[in-house]
Structures are given as C-alpha cells and as structure tokens.
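Work through the exercises below with the sequence and the 3D structure at hand. Each task is followed by a stepwise solution.

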Amino acid sequence: DPFTRDDLESLLPASTAKNVALILSPLWHGEVEENLLPWLRSRAFLLVVDAQGFIRQVNSTNGCITRTQWETAGSFLPLIDVLKVDDKEASLLTGEVNFMDALRALHSLGASTVLASHKEGIILSQADGTMYEASFSKPYTAAGRNGRGDTVTASFITAHYVHGKPVEEALRFTADIVTQKMQYRGPLRADSVQGGKDPMKGR
C-alpha cells in the first residue's frame, strides 16, 4: 500500500517545516502517490524527488519492471526543489532523445533544479540555463551500478545543502563518492572512503 498523509502527519508537523528536508526516492510507482506531493511540499523547506518512483511500474503477475510516462509531471514538477533523473528517465519524461534537450525540456515543465546521472558522470542543470558537470573518475562494475541514483542524491544533498559546499565542489565530491560506491555490489562502505573517515571532514 502507498504511504498516506495519515502515515506521515505525526512525523511532519507544520511547525517543523522550516527545518525539514525531504528526499523521496520510491523504488516504483505507487509507493508514494503523486497527490501527496503538495502536502509534502508544505512540510519541508527542501523537497527532493527521484523520478523513478513515478515512472517505474511493476507487473504484479511476473514482477517485471517497465518505465512509463509520468503523464501529470507538469502539475507536480514546480513543487520540487531538486528533481533526480538519469538520462533515460529524462528522455522518457520529455520525449527528447538528446540528453541536453531533455534537461532543458524538464525545466520547461516546471523543474527548477535537475540532478541527472548518466554513464559517465553527473550533471546539475538549473532553470536559468546554468549547468555543472562532474565525471566519474574510473570505470565501474555492472554490479556496482545498482544504487547509483540514491548515492548521487544523498551525496549531493549532504555536500551542498547540509554542509553548504558550492555546487561545483559538491558535484565533484558526489562524483568521487559515487565512483567509489560503484566498485562493488551494495551500498557505499565507510572503509572504501578515505580509510573509513568522514569524507566531508577537511573539505
């Protein structure tokens, strides 16, 4: 069953909205209903949404996952501070084959900031036309590819919004962290980053 307002009301009182950053990263459509987004917007100063949770569909019969258009995206993207997509999701949402054109089209639909991953790195695109890029620093394994998007989102939000790093520095940090994560299956391990030390210290 999807999360409902009743599930979250006690966790997200209106009085704490100015101190709350929300990252929504559902695995597939139906975990978080899009109609919940306006209320969530009112309960946080920062709303970050991964598009996969609104375009991934799971076939209940065979368990296969497909991607389908988010038909009402234009009604909800203006509510989102940071939209996370990969290159394929950007193209699906906009109908644009070219990655850069797809990012610009997402802004036309109302997205203010788009955090986009692709096979070679990460792009942060802003509605005023400004774009920042950072590349992954070395090849990665197919097994390590799983979880890339969540690591991109968590690393960038932590570096930029929590620690206040400039966008360019935060994006380079994110690319470095994601490169390390993609060397193996599973989530990022502390022992793979600076000998297990907090990667934000000293930055």
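**Exercise 1: an aromatic pair**

Phe156 is buried, as its relative accessible area is 1% (buried means under 20%, exposed over 50%, partly exposed in between; 1.4 Å probe, protein chains only). The model is predicted: local features need pLDDT of at least 70 and side-chain atom pairs pLDDT 80 or more, while totals for chains, interfaces and linings use all residues. Residues are numbered from 1 along each chain as its sequence is written, and side-chain values use heavy atoms, without hydrogens and water.

Task: classify the ring pair of Phe156 and Tyr161.

Solution. Rings of Phe, Tyr and Trp (its six-membered ring) pair if their centres lie within 6.5 Å; planes under 30 degrees apart are stacked, over 60 edge-to-face, the rest tilted. By this rule there are four aromatic pairs. For Phe156 and Tyr161 the centres are 6.3 Å apart and the planes stand at 80 degrees, so the pair is edge-to-face. Tyr161, with a relative accessible area of 34%, is partly exposed.

**Exercise 2: a second pair**

Task: determine how the rings of Trp70 and Phe76 are arranged.

Solution. Trp70 and Phe76 are both buried. Ring pairs also join Phe54 with Trp70 and Phe76 in a cluster.

**Exercise 3: His118**

Task: decide whether His118 is buried or exposed, and list its contacts.

Solution. His118 has 13% relative accessibility, so it counts as buried. Beyond neighbours within four places in sequence, His118 contacts (heavy atoms within 4.5 Å) Asp87, Phe99, Ile123, Phe136 and Arg148.
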